[in-house]
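Reader: I have a structure to get through today. Can you walk me through it?
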Amino acid sequence: MDDDNPDAEGRHQGPWGNPGPRHREHLGRMLFGRRGFLRPQIIQLLEKQPMNGVDIMNELQGMSHGWYRPSPGSIYPLLEHLEKEGLIAKNKDGKFELTAAYREQMGVGDDLVSALSVMESNTSYLEDLQKSDGRSLSKYRDRIEKLTKRLEALNGTPQSGRGP
């Protein structure tokens with residue numbers, strides 16, 4: 001059966017109903033299944049409030065509108081790793097929270113950490129979008145180039161074709 005057509009009982013199996021296995025697999029690869037995706041997402045969630053592993057899994061599932069739910073086998077080892085690095089710690093309630101060492105290591109205020117996390121997530125989204133449908137980004141090439149130049153200036157990178 002095609003995932004984009006109703007099944008025998010009239011239920012839609014495409015993107016507006018049950019996403020179907022093909023769409024679910026594609027979305028997982030495109031947005032959420034990318035290697036390294038979970039670490040910044042977990043940190044971003046913990047910047048908002050302390051959470052346990054189940055809270056994090058629920059939040060990530062909500063962010064994907066139910067299309068993706070990380071497994072305990074991907075969340076808990078990562079939480080243990082972040083804890084060993086000294087970036088998070090478990091509080092009395094059993095929830096993980098960011099440590100002062102994390103904030104010192106980042107060397108920036110909370111608002112800046114959040115802004116950078118959002119930028120990293122959005123950049124990952126644009127990279128994945130380019131891989132799946134590069135044409136959709138082509139009409140925004142000028143805006144992307146302007147943003148690139150602005151970020152280079154923030155980083156102190158010399159910009160070609162510009163004066164001091």
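Reader: What share of the contacts with a separation of 6 or more joins residues 24 or more positions apart?
Author: In the protein chain that share is 39%, where a contact means heavy atoms within 4.5 Å.
Reader: Where does the model come from?
Author: This is a predicted model, in which local features need pLDDT of at least 70 and side-chain atom pairs count only at pLDDT 80 or more, while totals for chains, interfaces and linings use all residues. Residues are numbered from 1 along each chain as its sequence is written, and side-chain values use heavy atoms, with hydrogens and water left out.
Reader: OK, and which elements does the chain have, in what order?
Author: From the N terminus the order is α-α-α-α-β-β-α-α-α, with seven helices and two strands. Helices (H or I, at least four residues) and strands (E, at least two) are DSSP runs, numbered from the N terminus.
Reader: How much of it is buried?
Author: Of the 164 residues, 27% are buried, meaning under 20% relative accessible area with a 1.4 Å probe, protein chains only.
Reader: New topic. How much space lies in the largest pocket?
Author: About 800 Å³. On a 1 Å grid over the protein atoms alone, a pocket is an open set of points where a 1.4 Å probe fits, with protein on both sides within 12 Å along at least five of seven lines; lining residues have an atom within 4 Å of a point. The volume is the space filled by probe spheres set on the points.
Reader: Which residues are closest to its centre?
Author: Of the 22 lining residues, those are Thr123, Leu126, Ile144, Leu147 and Thr148.
Reader: And which helix gives the most to the lining?
Author: Helix 6, with 13 residues.

Definitions and conventions. Buried < 20%, exposed > 50% of the residue type's maximum accessible area, 1.4 Å probe, protein only.
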